[in-house]
Amino acid sequence: MNTGVKRTSVYRTITLILIIVIAAVIFLFPLYWILTGAFKTPGAVNSSTPEWWPKEWTLRNFETLFDKRSAPLWEFHIPLSEWFTEDHSQVVFFAGPVLPAAFRWLINTVFMSVAAMILTCGTAALAGYALAKKRFIGRAVLFSLIVCAMALPKQVILIPLLREMDGLHLTNTLWSVIFPVVGWPFGVFLMKQFAEGIPGEILEAARIDGGGELKTFTTIVFPMIKPGVGALAIFTFINTWNDYFMQLLMLTGTNVLSMPLGISKMMGEFGQDYGLLMAGAALASVPIIIVFLAFQKYFTKGITMGAVKG
Amino acid sequence: MAKSKPGSMSRALVRRETIAGYLFLLPSLVFFLTFVVYPMVMCVVTSLTNATMTASGTSDFIGLKNYIDLFQDKTFLKALLNTVIIVVVSVPTVCVFSLWVGARIYNMKNWACSAFRVIFYLPVVTGSVAVTVVWKWIYHYYNGVLNYVGTNLGLWEKNINWLGDSKFALGCIILILFTTSVGQPIVLYVSALGNVDQTLVEAAQVDGATDLQVFWQVKWPQIMPTTLYILVITTINSFQCFALIQLLTSGGPEHATDTVMYYIYYSAFTLYKYGYANAMGVVLALCIAALSAVQFKLAKSES
């Protein structure tokens with residue numbers, strides 16, 4: 001009797017694990033299809049019988065991808081510079097040889113993600129500490145404003161944002177994607193959660209010792225909230241990389257396209273060449289997946305800290 | 001000590017704390033006010049005007065006319081209906097599926113648990129464009145995998161034009177949305193279930209409760225805050241479904257996959273109705289706020 005119950009529960013467990021493994025395989029399939037599709041020949045891609053594993057590997061898709069357009073390797077635009085030049089032209093630096101545009105898109109995407117990450121972490125760590133540990137007038141109001149803003153749909157403000165960027169002459173520069181990411185209050189909220197865990201006594205002691213505010217922050221506060229900063233950094237990096245809607249509205253010139261945007265443009269132009277599209281998709285997703293896998297632990301922490309203690 | 005109220009501190013200290021507080025906040029506030037609060041205000045303000053997307057266009061105050069027009073606009077109502085369908089289908093399925101997966105994997109060995117978490121999160125990291133491109137191929141009429149597998153297994157007789165048929169298009173969108181939505185809830189559920197008070201679980205088991213009873217009576221109330229958060233974020237995400245639509249179907253066939261977010265984009269960039277698009281944005285934001293409030297209320301009354 002007892003063993004019978006046990007045996008059915010063993011079968012049950014095996015079935016359940018099997019179901020979850022099947023689900024996992026289905027979730028992995030699109031990524032697998034991108035990675036193999038990128039190396040398939042046109043014949044294999046267009047055949048109505050799919051090749052589960054490419055019979056013949058080819059780099060043709062990547063060659064076509066890199067052939068399409070070209071752009072200088074590096075272009076740096078100083079934000080708001082046109083306000084100070086005499087003819088109101090943007091101050092832009094070019095450098096490096098002219099390379100396939102896909103490289104440029106990759107560099108643009110990396111630049112946007114890194115810049116947004118650094119700016120967000122810096123500003124949010126300072127602000128989160130102040131909100132958690134400083135008792136000042138207007139703190140409660142500010143905090144509720146931040147929470148309310150977080151609950152609102154981000155995409156709704158994008159169209160007014162586009163017009164504002166136009167006014168600031170920032171459209172079609174990478175900064176127009178970076179700045180709104182930095183402004184989004186999630187980071188401040190997350191940092192506040194982490195800073196709340198700093199014991200007040202330590203800060204009190206630092207104050208009595210006569211350490212300046214900034215010194216207290218760099219020597220005591222920052223080391224203590226470092227795991228949180230790590231979580232926020234990886235979170236911001238991945239989200240900026242994949243923030244398609246914002247990039248779509250703000251960036252149009254070939255030189256400023258991001259990797260996801262470049263692929264979507266190609267989708268419009270070469271819609272049926274799935275081999276080429278998979279090569280683009282692989283180039284856009286593989287770097288970010290590697291980053292994600294490398295920092296996966298921090299990432300999980302960021303997701304859970306931002307949620308549960310709210 | 002640090003938690004003492006401003007009243008109990010000396011005046012000089014209050015002033016010092018206030019100045020220091022705002023200096024720390026300053027960099028963040030500049031970005032927040034300029035690039036989040038200001039556009040939010042502009043969204044509401046311009047929704048009361050007939051502003052267009054062209055820079056030279058005049059804009060006059062027209063009161064609530066945009067909002068009245070909105071609810072007589074058949075395309076908008078269709079988009080709203082589609083959005084509601086997406087939300088009503090995807091939110092419960094995402095929640096149930098992620099709770100199920102979370103409950104299955106949270107007490108597995110560490111490596112297995114992280115592996116599953118990563119796998120279910122991968123579609124989110126891959127990015128909406130890459131995911132959409134590959135699904136477009138999977139759904140393809142002639143050389144898509146889905147039709148190949150389906151017809152060979154005898155699930156359907158002839159190839160189906162998934163994205164071109166208004167019967168199936170919305171369902172296809174919802175399926176992709178589902179794969180890109182469950183990652184975060186699973187991570188949240190795994191950590192919430194790991195934090196459940198073990199003494200309560202053991203006490204219930206000693207009293208002879210079955211696994212199912214332990215789950216619903218002991219664990220479920222404790223993970224309620226997580227469930228609530230997941231409901232809210234999934235609702236917001238489903239309401240904002242855009243990239244999939246823009247890249248896959250552009251709202252077609254015959255507006256079968258129009259969503260509010262896509263129609264906002266369309267109104268602004270194809271019809272150049274800037275004020276009108278913003279009015280839609282305000283309505284969308286209100287819908288989301290109302291729904292989140294209802295979910296909070298429900299969850300509170302239940303626990």
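Domain bounds, as used in these legends, come from an automatic or database domain assignment. The model shown is predicted.

**Figure 1. The two domains of chain B.** Chain B is divided into domain 1, residues 6-46, and domain 2, residues 65-302. Taken over C-alpha atoms, the centres of the two domains of chain B are separated by 35 Å. Where they touch, 4 residues of domain 1 of chain B are in contact with 5 residues of domain 2 of chain B. Together the two domains bury about 340 Å², with 62% of this area on carbon and sulfur atoms. B:C43, B:V44 and B:T46 supply 96% of the area that domain 1 of chain B buries against domain 2 of chain B, more than any other three residues. The count of salt bridges between these domains is 0, and 1 residue pair is found in polar contact across their interface. On the side of domain 1 of chain B that touches domain 2 of chain B, 3 residues are nonpolar, 1 is polar and none is charged.

**Figure 2. The interface of chain B and chain A.** The size of an interface is often given as the accessible area lost when the parts come together. Chain B and chain A bury about 8300 Å² between them, and 77% of that area lies on carbon and sulfur atoms. Three residues, B:F24, B:F35 and B:W137, supply 11% of the area that chain B buries against chain A, more than any other three residues. In terms of contacts, 92 residues of chain B meet 96 residues of chain A. Across the interface there are 9 residue pairs in polar contact and 2 salt bridges. Helix 1 of chain B, residues 11-46, gives the most to the side of chain B that touches chain A, with 23 residues. By class, that side of chain B has 66 nonpolar, 21 polar and 5 charged residues.

Figure 3. Side chains of opposite charge can pair when their charged atoms come close. A:K134 and A:E213 meet in a salt bridge, at 2.8 Å from N to O. A:K134 lies in the loop between helix 4 (101-133) and helix 5 (139-151) of chain A, and A:E213 lies in helix 10 (residues 213-241) of chain A, so the pair ties together parts that are 79 residues apart in sequence. Both A:K134 and A:E213 are buried. A:E213 also meets B:R16 in a salt bridge, at 3.4 Å from N to O. This second pair crosses between chains, from helix 10 of chain A to helix 1 of chain B. B:R16 counts as partly exposed because its relative accessibility is 38%. Salt bridges that share partners join A:K134, A:E213, B:R16 and B:E17 into one network.

**Figure 4. A salt bridge within chain A.** Over all chains, the structure holds 6 salt bridges. One of them joins A:K55 and A:E51, whose closest N and O atoms are 4.0 Å apart. A:K55 counts as exposed, at 72% relative accessibility, whereas A:E51 is buried, with a relative accessible area of 17%.

**Figure 5. The surroundings of B:A169.** B:A169 is placed in helix 7 of chain B, which covers residues 169-179. B:A169 counts as buried because its relative accessibility is 0%. Leaving aside neighbours within four places in sequence, the residues in contact with B:A169 are B:W162, B:L163, B:P253 and B:T257. B:P253 is 84 residues from B:A169 along the chain, and their C-alpha atoms are separated by 7.8 Å.

Definitions and conventions: Residues numbered from 1 in each chain as written. Chains lettered and ligands numbered in written order. Predicted model: local features only at pLDDT ≥ 70, side-chain atom pairs only at ≥ 80, totals over all residues. Heavy atoms only, no water. Contact = heavy atoms within 4.5 Å. Buried area = accessible area lost by both parts, 1.4 Å probe. Salt bridge = Lys/Arg side-chain N within 4 Å of Asp/Glu carboxyl O. Polar contact = N/O pair within 3.5 Å; in protein donor to acceptor, adjacent residues only side chain to side chain. Helix = DSSP H or I, 4+ residues; strand = E, 2+ residues; numbered from the N terminus. Nonpolar A, V, L, I, M, F, W, Y, C, P; charged D, E, K, R; others polar. Buried < 20%, exposed > 50% of the residue type's maximum accessible area, 1.4 Å probe, protein only.
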